[in-house]
Protein chains: 2
Amino acid sequence: MNLKQLAELLGLSQTTVSRALNGYPEVGQATRERILKAAEETGYRPNAAARRLATGRAGSIGLVMPAAPDYYADIHFAEFLSGLGEEAARQDFHFVLMPKKPGEEEDALRWLAASGSVDGVYLAYMQENDPRIPLMHSLDMPFLIHGRSIGVAEDYPFLDVDNEAAFRDATHLLLELGHRRLALLNGPDGLDFTIRRRKGVEAALSAKGLVLDPAQVHHTAMTDEFGFRGMRQLLEQETPPTAVLCASTVLALGAIRAVNQAGLRLGRDISLIAHDDVLPLLKPEDFSVPLTTTRSSLRAAGVRIGQRLIDRIKGVETGPEQELWKAELIVRSSTGAAPR
Amino acid sequence: MNLKQLAELLGLSQTTVSRALNGYPEVGQATRERILKAAEETGYRPNAAARRLATGRAGSIGLVMPAAPDYYADIHFAEFLSGLGEEAARQDFHFVLMPKKPGEEEDALRWLAASGSVDGVYLAYMQENDPRIPLMHSLDMPFLIHGRSIGVAEDYPFLDVDNEAAFRDATHLLLELGHRRLALLNGPDGLDFTIRRRKGVEAALSAKGLVLDPAQVHHTAMTDEFGFRGMRQLLEQETPPTAVLCASTVLALGAIRAVNQAGLRLGRDISLIAHDDVLPLLKPEDFSVPLTTTRSSLRAAGVRIGQRLIDRIKGVETGPEQELWKAELIVRSSTGAAPR
């Protein structure tokens, strides 16, 4: 049974049948139900290529992937992409992926829009005042942003985790445990989520009349190596911090190696809280001292962004444009009372 | 300076200038050199879209990405893709990436070839007697395979690591150290590299008149969780192995957690060798007991496959079609003499 045969059986045009099966809004409810029922009874599975020919849509999401000789494979990006891919496969969408060096993203987005090869674009790694948001508004193509951009006044559709609240809550816990000398192993400087996490730490400290010493904040790529080096530097200071917040469990992996090498006991001599993107490779409960974390699944964000972006492409998104997820604070053994 | 202006300056057609700058063979050497010199002197940087219009080539590599709700983000895939992306960005190629469930790969490849949206295809995760090789031969589109397929008689272009030799050498080292009860935590059953690694272990054992007990071989996804469970099962046996080979440092991460929980000392009570894909996240020298490994960089393979596939697309590949890399055996502290 192909699309043509199914349309003939129903006495409808191929375009109508295809639109109904793909969930586009132009087809009335009664007709849609009749078509879905017939498709089910005949075991019809729409062919992706035929579907695209019938609808004139590529079924395609465009995205820009960071790429450079010094750019590390990013397990965070891979985990997000596997969620986005799960939803894209379910809805028979594919990706057009542009590997680009930093600074070339805007050209890549213009090309994606001009090429006609994609129906919508996913954007991430937002910076402060990110120029890609006004650019996307000018390109007249559906888009959805993972994250936000501090300083951009106009509205735009996004899904973000409340990074500021997550790190404020985490810092609050450390203050309650008596810690006063805090440090932050943060992500790359200038990224929106990095800025918001630092603001969260500052807000909690400020409520106690404290300030975050800039010397106790490191901005690096979120790799195990930078976690190790960052923590080693922090511990080499004359009065090292008693508690450290890490922007990723990957940074924490290296940081904890430095803690062990310094002969300190995690959760007793020094406390640590990491942000957990729920990477299957690095479960915080499996660390030899289980980690206290702020948790929000990157994979779930990928699935949700896939659903919303495809809905936007089809013109059927009904929910709010702006979605903010709360991270959970999960207390395990890597946090304890401040040493006296 | 745009393409049109550069062509006018040289008194040549835009097509000729564009072809020369993109390395296509139709342009004579003297003309090419004249064009490259002028491009350099005028600071001309070709615009990707203009380039594609002039050459009629999309500048695009197609690939199929495994995707399913139960499919883990694969750090191995991400690391490979970052190498492929590095080379694609350098040569201004993009990817068309089809997220597909297992069993849908052939349809996805047919669609990629029919859509005209890609110039060539990259294939991986080869199985024994993989049907995608005859399919690709029938599709008349440049392709390159990462890995090989045991049982396929016809020739095909590939880049592979000599997995059999790597695991034969590793097993040989363990035998020299006096180990006789060996186990293998291998990758998923039926994959070509998994089969070749097992054959490598069997070949080394066979040279000593020994056989690999099927009960001592586990086939799983290469995650930390399966490494942990696999090693725990091995250690719960009445006479557990004294040495274990792991198909990835990710499996080793979990396996070593099980070794530690059993109160065994790595490199003394039990030896372990892992295959190291040079994942920046998991450096074998950074494990608390540094790991003995067979090493071959997935990222370097990505870069090399990008170069070769783009050369094939341009019709300028000159080297051999089949490239086999040797893995290095690097001895660190996780291997030691068999306990008496």
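Trainee: Which residue is the bridge partner of Arg295(B) in S12(B)?
Mentor: The partner is Glu328(B). Keep in mind that the model is predicted: local features need pLDDT of at least 70, side-chain atom pairs count only at pLDDT 80 or more, and totals for chains, interfaces and linings use all residues. Residues are numbered from 1 along each chain as its sequence is written, chains are lettered from A and ligands numbered from 1 in the order in which they are written, and side-chain values use heavy atoms, with hydrogens and water left out.

Trainee: What makes S10(B) and S12(B) a pair of strands?
Mentor: Two strands pair if DSSP finds at least two bridges between them, strands being DSSP runs of E with at least two residues and helices runs of H or I with at least four, numbered from the N terminus. Three bridges join S10(B) to S12(B), residues 328–330, so the pair qualifies, and the two run antiparallel.

Trainee: In which sense does S10(B) pair with S9(B)?
Mentor: S9(B) (271–276) and S10(B) (292–295) pair in the parallel sense, over four bridges. In S10(B), Arg295(B) is the bridge partner of Asp276(B).

Trainee: Which strands pair between the chains?
Mentor: S2(A) pairs with S2(B), residues 94–100, in the antiparallel sense over three bridges. There Leu97(A) stands opposite Phe95(B).

Trainee: Why is the relation of the chains called a two-fold axis?
Mentor: Copies are superposed by least squares on the C-alpha atoms of residues with pLDDT of at least 70 in both. Chain A can be laid on chain B with an RMSD of 0.1 Å by a turn of 180° and a shift of 0.0 Å along the axis. That is the relation of a two-fold axis. In chain A, Val96(A) has the C-alpha nearest the axis, at 2.3 Å.

Trainee: How many residues are in contact across the interface?
Mentor: Contact means heavy atoms within 4.5 Å, and 42 residues of chain A are in contact with 42 residues of chain B. The area buried between the chains is about 3,500 Å², with carbon and sulfur atoms giving 63%; buried area is the accessible area (1.4 Å probe) that two parts lose on being put together, summed over both.

Trainee: What makes Lys100(B) and Asp92(A) a salt bridge?
Mentor: The rule asks for a side-chain nitrogen of Lys or Arg within 4 Å of a carboxyl oxygen of Asp or Glu. The N to O value for Lys100(B) and Asp92(A) is 3.0 Å, so the pair meets the rule. Across the interface of chain A and chain B the rule finds six salt bridges.

Trainee: How far apart in helix H5 of chain A are Arg90(A) and Glu86(A)?
Mentor: They are four residues apart, which means a separation of about one helical turn. Their side chains meet in a salt bridge at 2.7 Å, N to O.
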